[in-house]
Amino acid sequence: MGLLGFHLTASAFATLFLQKIIIYFPVVNGLLSGLLLWTVPNNSYLSEFVQLALSSANSNGNGSGKSRPPRKVAAEKRSNHSHSHQQTAGAAKKDVDLPKELPLPLIPVKLTPKDVGVLLYFDDLFFVLNTAAVVGMVFVASEVFQALWPDKWQSDTNFTILWILLVLFSSLRALVMLTWAVVVKQSQDSERMLIGLASLCFFVLAIAVLILDGSWLDLKLDEGLSKFIDVDSAGRKLRRKNSSLLFLLKTSLCACAALFASSLLFPALRLARSYLGAMKRSGLLEKALFLVSFVSPVLLVLLWVPPLTTAVLFPEDGEPRIPGLTLSHYQHVRLLLVFLFCVLRVLMARPHLQQYLHSAHARVEAQRRTTARFTSSKFSDAVRTVNGGLAVVALQYLCPVIILMACVLLLHSLGNYSWTGEYLADVTPATPSPGDLRLMSRLPSLLASLFPTAFLTGVLSFWTVWLLICISVSTCLGFLYANAMEG
């Protein structure tokens, strides 16, 4: 009981300390502040800009020589013709017609912390990112404590798992809320039908993933489920009941996986557009990082395919291809590569958001092509829609990455892996007696006896691989769709 109280007290003090520290290191402001967004000039400027451009085009058409810059023309007009204040105010309120052949001016402005605070869904982004930052600090501190004092560390009282579950459920809640609010409530019927069709296709894909056995996909999910539900128990009725329960559990897992995958469809389309925009505007290093971030999920999924990995590295009739490499080391390296992929995605968040803000030009041009009469109000609405959805795009980009990182850390902790690549044996602790004073401190041990390590490892492996598959498939579909729309 004293050990449990010590952990709870230490967690409370750590929470208070990190809450004081996080104020001076705002994660959201560091992510969004300094980004270059585009704003629309006022109507008076647009009216004067259109008049100058049209007069310049007419003078060129009449053969009067080279056209003067709009600023010089504006200066001459202001010197020769003095407009009254009432006319200027009336022009500012009047909606200006913008010719389709005229290049529209967009003013670049840097995003300030004051502008970040008024974004839509800023509170959710603030909560998710700050929670992830605090959980990351707690996890690093606990791993350092475990490495320095392994004898004093009690794995059955590891409260770091509860912190990881907190950030996992907060990110999942934010992603589901955005999918429901932005896609279901505010989208058109065609987009809702697309979400439903994607859910059905991902449901079939999840069934196909569960059908594959261990020789094709190294998930160990069937082994974990068989240990959680005793299918081979004695008695025909009990076997039939457990088989039905296993079928229901797999069906529910496929349904949850399909619903989660459908929420990644539109963020993946936006990510593909950002990738295409980066290939046109960014430098060589940023292009290479975007390419690695785009291709990595497909390559990481192949690490769980035994005919391509373990069957080659660990042949049955000989020694490993790489001397000193064991199966536990390979599994640890596999998780480490997924974690590094998550870190890369987090580092590429600002370039992705910057490319999203640059898409204001493409949105304006697309709206000019589809509307017969393009006015200044439609111009400002198109740009305002892009700028106002910055926090939504950041949440939809970072939440899947945070969920994947949480699954990897949970798989590392609950799967009895160590940072050295060794696999710790699954030793189920003895169930304490009712009179034991440390009954509450052995609560995680009781949960470990209820959920075996094989079950937790199988479920977390499935979700890790499924997240990589969803990111790969949805991003490829988004890339094909964006490429076809541009072509």
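Helices (H or I, at least four residues) are DSSP runs, numbered from the N terminus. The structure described here is a predicted model, in which local features need pLDDT of at least 70, side-chain atom pairs count only at pLDDT 80 or more, and totals for chains, interfaces and linings use all residues. Residues are numbered from 1 along each chain as its sequence is written, and side-chain values use heavy atoms, with hydrogens and water left out.

- Val144 belongs to helix H7, which covers residues 122–148.
- With a relative accessible area of 44%, Val144 is partly exposed, a term for values between buried (under 20%) and exposed (over 50%), taken with a 1.4 Å probe and protein chains only.

**The loop at Ser263**

- Ser263 is found in the loop between helix H11 (236–262) and helix H12 (265–281).
- Ser263 counts as buried, at 7% relative accessibility.
- Its side chain reaches the backbone oxygen of Phe260 at 2.5 Å.

**Cysteines**

- The whole structure has 0 disulfides, a disulfide being a pair of cysteine sulfur atoms within 2.5 Å.
- Cys407 is buried, at 6% relative accessible area, and its sulfur lies 9.2 Å from the closest cysteine sulfur, in Cys342, too far for a bond.

Note on methods:
Helix = DSSP H or I, 4+ residues; strand = E, 2+ residues; numbered from the N terminus. Polar contact = N/O pair within 3.5 Å; in protein donor to acceptor, adjacent residues only side chain to side chain.
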